[in-house]
Amino acid sequence: MKDDLQDTHTSGLPGFLGVIDSGISRIESVILAVGVLLMAVNTVANVIGRFVFGESLFFAEEVNRILIVMITFAGIGYAARHGRHIRMSALYDALPTSARRLLMICIAFVTSGTMFFLCYYAFTYMQSIYNTGRVLPTMGIPLYLMYVWVPIGFAVTGIQYLLTGIKNIFSRDVYLSTHVVDGYEETETEV
Amino acid sequence: ANWRYAHEEFEGDVQDVFAHKFKEYVEEHSDNTVQIFRFGELGESDDIMEQTQMGILQFVNQSPGFTGSLIPEAQIFFIPYLLPVDDDDIIDFFRTSKAINEMFPELYAEQGLELLKMYPEGEMVVTADTPVRSPEDFRGKNIRTMTNPLLSETYRAFGATPTPLPWGEVYGGLQTNIIQGQENPIFWIQSGGLYEVSPNLIFTGHGQFTTALMANQDFFNSLSADEQQLVRDASEYAFDYITEYVPGLSDEMLDKILEASPDVTVTRLTEEERQVFMDRAPRVEQRFIDMTGERGEALLEQFKADLEPYQSR
Amino acid sequence: MITYMLATMIILLLLGFPMMIPLIMAALVGFYMTFDGFGQMNIMIQQMMGGIRPTALIAVPMFILAADIMTRGQSANRLINMVMAFIGHIKGGLAVSTAASCTLFGAVSGSTQATVVAVGSPLRPKLLKAGYKDSFTLALIINSSDIAFLIPPSIGMIIYGVISGTSIGELFIAGVGPGLLILAMFSAYCIAYAYIHKVPTEPKSSWKERLIAIKDALWPLGFPVIIVGGIYGGIFSPTEAAAACVLYAVILEFIVFRSLKATDIYRIAKSTGLITAVVFILVAVGNGFSWIISFAQIPQAILGGLGIDQAGPIGVLFAIAIAFFIACMFVDPIVVILVLTPIFAPAIASTGLDPVLVGVLITLMVAIGSATPPFGCDIFTAIAIFKRPYWEVIRGTPPFVFMLVLASVLIIFFPQIALFLRDLAFR
Ligand code: NA
Ligand code: NA
């Protein structure tokens, strides 16, 4: 529960790539934190509104719908970066390091490919919503804007896994993400 | 061919009965098969509509209230006291109305949908923790509504506090008094057991729960003339059945409810009491026009013209 | 088609792919075979969006946020101290206190993992010092945390409620009976263990110490009042109760106890956002998966083939329990709820089983699964928190698993264990 991820956003990548990488990480973490705080404020205000003023905030539900998409899709990239996606590693853990590294390269590239695949369809889905001109019924905001995060989130996650795969090719340790080394010793500080 | 048909209700509800009558006709008069998907099987109302627009489903039954984000004008059915209450009048109106049979198909066509049939599912009945006869009685009551701005406006105009809540929370919400009332056709009140926790039934006469069957237009246009006629005949066949079925169903369901619970009260507003609520309808009409502009206004005028014959009776 | 889908899913799971990938790939196989290609992949995205749309899901991040604030603050410790002051001195009292603390903390927290951290961290050193074996200690902490899943609030119940359309308020109250039953079983085992292994008893607290402990715990005890009292008193919907908990947690830890600083809120919110995203991406892809199996009418085919329709209510309940139990041995609980609930939905509807009873049973199986090897998220949490090897962590679990399975069987034959309180509150 105590996910004290370091706030430094140091990248595991060299040079220019590293600058972009840590920039993305910084933006993602701000979106996550601000998204959750806004959701809390919005939901609490809605409750107070109903009790104190006898009327719910008319926009509360739609704001939360927007925020939940934002949090989810900003979060999957961030989780990928910190090696935090849930996986079942019982068999994987039993393998020797070299085999684990090979398997991790394979996992990272396949996952990356899947993310880019979904990114493409998320983009076309967003386009089709744009073409219908549908809006959120209460606030009148175009629906496609709510989905902007979806292709971006998939793309960022895809890039993270792509980099993880590359990192594993060029290193002797096994990396769960660009800067999280696999193994129980290393994850101690992460949980 | 196998045609896929999705609707928004559970097994045995009006839309399900309509769907099965449609299926029965199609399968009897052709080699086509119809596969019916019920509520939730393929997602929510918005989802099955999109799937129909994409052509994965051939037919979709969606209530105009849910179509609001696609066709704002469809929310006209939420304007209170617009439609007649009498069973024969309402059926006759749906058969003959120019607004319904000529104007609406054009609006749906803009969204790539062939409107096949609009039909009523029964009068909207309010249930509450106390009997209600006037807007004063509604004061301070949270009435659960579907998430729809126009419906919220109606209940605000009636003096209540509209409270949108998902269907799954309605029974518990009534039980624990988060909400003091809700509105639904009588068969939902019966099958959902809502009368157990909200025993005062109020027939306000303010609305008919209306719904519509439509097809993906590209699919429909690709059919041969014979098959298009088959689809239209099947819709007509199901419509004829429903017009007999719904009025009987309402009485039957009310009897069942009265039999099941001694606490249930039935309030039917008198002419004068109804007038007090009717006087508040223009505010909702104005909101409808604000939301839909000139096209909505034209539709509303046509609606009223179509309804003229029933008002004078 | 279902064979290919399941084969894809299981292979990728076993290879150690992130959980979302087996689900996505299985769905892709389904889409490809149904539509002869990827022409309709838009629907997958649509259904992913539909999966995280229901407003009731907002309760999940809100309960996680409240629990995170409390775990980092003082609420958890104050609750534990109160339990210890009263039952710490009986034979096996420290172990019983651990189980009871998990139950009590479960009443303020929605997740079992938060409970492992909040109760396990402070109590494990005490248990070891008192002479309990580490394998027993770890198994006790992990399995007692299961109880938190059954006692409201419960994230598993929220997700089951959302996808099955069942009242979350009713599910919450129905979890209390089974939760207490399991607490009673565990307590009996702890006492027996203490006698057999001759664990010495702890000194008894004076009444003065007890009064102080109660006084300290009064504030955190407001959480169950908000959740249970709020929902059943007709004040809050489950989502509103979650929001009220967040507000209350902020007031307690930041203003009353002053255990956290304003700057902490950013880190806490970020970590809540991360956990939410990891869970919700599974909810999203799970919805895409269940759409394609529903579209291809697979549940009807499977259940018809197995003849479950003819099995009667008890038979269906057993089938559900076994399927969820086995699946949870290998897969994350949330994923299991997402994949299996829609498959069993037609059978539940046709046998007329109470969806609340089914929900409680499913939640129990899922809770057991979180603590049973080989895959168990509570096991992984314990490994990471306590820095003990996998084998050591799971060695003491068999007696607990046996008791949990016994509890499930009891609930199947005596549904009133779960439904009694619900009927009292709602019917
Ligand atoms: Na709990
Ligand atoms: Na497990």
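**Close-up views of a predicted model**

View 1. Chain C has a mean pLDDT of 87, with 99% of its residues at 70 or more. Among the elements of this chain, the lowest mean pLDDT, 75, belongs to helix 15 (residues 298-306) of chain C. The highest, 94, belongs to helix 2 (residues 20-35) of chain C. The model as a whole has an ipTM of 0.84 and a pTM of 0.86.

**View 2. Helix 1 and helix 2 of chain A, packed together.** Two packed helices are described by the angle between their axes and the distance between the axes. Helix 1 of chain A covers residues 15-52, and helix 2 of chain A covers residues 60-81. Their axes lie 9 Å apart, at an angle of about 150 degrees. Angles over 145 degrees count as roughly antiparallel, so helix 1 of chain A is roughly antiparallel to helix 2 of chain A. The crossing of helix 1 of chain A with helix 2 of chain A is left-handed. Residues in the contact between these helices comprise 13 nonpolar, 10 polar and 3 charged.

**View 3. The largest cavity in the structure, with a volume of about 140 Å³.** A search of the whole structure gives 8 cavities of 30 Å³ or more. The largest cavity is lined by 16 residues, and those closest to its centre are B:Phe77, B:Phe78, B:Met124, B:Gln208 and B:Phe209. Strand 9 (residues 208-216) of chain B contributes 3 residues, the largest share of this lining. By class, the lining of the largest cavity is made up of 9 nonpolar, 6 polar and 1 charged residues.

Methods. Residues numbered from 1 in each chain as written. Chains lettered and ligands numbered in written order. Predicted model: local features only at pLDDT ≥ 70, side-chain atom pairs only at ≥ 80, totals over all residues. Heavy atoms only, no water. 1 Å grid on protein atoms, 1.4 Å probe; cavity = no way out; pocket = protein on both sides within 12 Å on 5 of 7 lines; lining within 4 Å. Points joined across faces, edges and corners; volume = space filled by probe spheres on them. Helix = DSSP H or I, 4+ residues; strand = E, 2+ residues; numbered from the N terminus. Nonpolar A, V, L, I, M, F, W, Y, C, P; charged D, E, K, R; others polar. Axes fitted to C-alpha atoms, helices over the stretch in contact; angles between N-to-C directions. Parallel < 35°, antiparallel > 145°, perpendicular 65-115°, else oblique. Left-handed = near helix turned anticlockwise from the far one by under 90°. pLDDT = per-residue confidence, 0-100.
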